[in-house]
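Subject: Handing over a structure

Hello,

My notes on what was found in it follow below.

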Amino acid sequence: MIRICCTSVGQKVLMALTGLALCGFLATHLSGNLLLFAGEEAFNTYAENLHSMGVLLKAAEVGLLATFLAHLGLAVSTTAMSRRARSRQYDEKESKQGVFALPGGGASNWMLLTGLGIGAFLVLHLVDLKFKMRPDLVYPTDGGAYATVNTVLSSPVSFAAYGVALILLGIHLSHGVRSALQSLGVSHSKWNKLIEIGSMLFAWAIALGFICVLGWVVLSS
Amino acid sequence: MSSELINLTLRVWRQSGPDSPGQFDNYQLNGVSTHMSFLEMLDVLNEQLIESGQESVAFDHDCREGICGTCSLMINGQAHGPDTATTTCQLHMRRFNDGDTVTIEPWRATAFPIVKDLVVDRSAFDRIISSGGYVSVNTGNAPDGNAIPVAGSQQEVAMDAAACIGCGACVAACKNASAMLFVSAKVSQLAILPQGQQERSERVVSMVSQMDDEGFGSCTNTSECEAACPAEISVSNIARLNREYLRASLCGRD
């Protein structure tokens, strides 16, 4: 096991596992957020039930933080390894692959930057809704989680930051999910196309799901 | 399609030795036949340089029929030039147009240090093979060819992996200078066959360890290697390498 942590292949496996675990969290988080569509009462009940889990919730939070930090640490480690592997860049470099969705060679070339962007957003998100310490906002004293979410997302700053971060998340996952499966060895000529399409659908379903929540809260407030 | 004879401006990386700084030099080459291969065009350039008292451009070549994996070159930013499933020696000048500027660089990777001009030292690949890319067999009489049955489908998959000519285009094209496609092909061709089972676990662990020691980068699954590979090695081999590595690490004997 220790050997796995030290080799390039092992680090990519761990990165895939932590990444997929975070995807699991995103799916859970989104399913909770979708209750905003069900109205104030449903969402507040869900939030209260979640917070009443006490020590279990704390354990999950610590686990998530550890997973996120491990994912970030592995990203820095493998990126450093790859930077060392080519000390001088090419004067000219062209891809032999087809059309790319993004300038610079597709989502795979933007993983570290999109990941860091998502990390920065996460800090803002926690300050906004976990610690409720955004200086420019007046947090409501009653109305529960529903009112708090409405207050935070109605701010133009939040709307812009959350919107950008969710697009970054979509880009990150559009390569990340498929890549994680490949790193874990999930590949079969019969299933690869399905895996590719399924990964892409999952990535954008998560990102667009959150964007829908954001848009709905902003439009309805 | 370009005309029969074309004029080119060549931007060639010149570096007198491993520790020299190196720079691009421009050469004008006129009347290049479009029927020439890229390496023949470089031969003509070198004759022109020698005749004018300059030092010829050093580049790697051997069989000139796409089998040996000796030729290399980043041509206009693409490993082995613009064609797919093609080595530099199989690239023809008809792919270029009159008046084109062609940039020629060596493979760039820390694990492939430049020896001179366009020649790089690819012995890192040899050391990876030495670390585990073999099967141990007892010497003696040649065994019967059909003594060990291998399913046709398995033979095909193993042969596809064994098509790797070890040229290093995967490393050259990868943004991380990762050697995963090469190593995965060499691991796969033996892991699939019964003859490779005896050393299956040790092989993958040693070869990955040697790959890391040589200073290659990590795999980001961009599939750029597959697109650049003249032998069309599939990235499904990389997934197999990952499986093999996990299997060896979690279930293999120490």
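Please keep in mind throughout that this is a predicted model. I begin with Cys212(A), which has 16 other C-beta atoms within 10 Å and therefore counts as partly exposed, since a buried residue would need 20 or more and an exposed one 12 or fewer. If you want to find Cys212(A) in the model, look in helix 8 of chain A, which covers residues 192-220. Although Cys212(A) and Leu34(A) are 178 residues apart in sequence, their C-alpha atoms lie 8.9 Å from each other in space.

Turning to chain A as a whole, you will find eight helices and zero strands, and its C-alpha atoms fill a box of roughly 60 × 40 × 40 Å along the principal axes. Of its 221 residues, 28% count as buried, and among the contacts in chain A with a separation of 6 or more, 71% are made by residues 24 or more positions apart.

Chain A also meets chain B, with 35 residues of chain A in contact with 41 residues of chain B. On the chain B side, at least two residues each come from strand 5 (101-105), helix 6 (200-214), helix 7 (224-228) and helix 8 (236-251), and helix 8 of chain B gives the largest share, nine residues. Sorted by class, that side of chain B holds 15 nonpolar, 19 polar and seven charged residues.

With best wishes

Key: Residues numbered from 1 in each chain as written. Chains lettered and ligands numbered in written order. Predicted model: local features only at pLDDT ≥ 70, side-chain atom pairs only at ≥ 80, totals over all residues. Helix = DSSP H or I, 4+ residues; strand = E, 2+ residues; numbered from the N terminus. Contact = placed C-beta atoms within 7 Å. Nonpolar A, V, L, I, M, F, W, Y, C, P; charged D, E, K, R; others polar.
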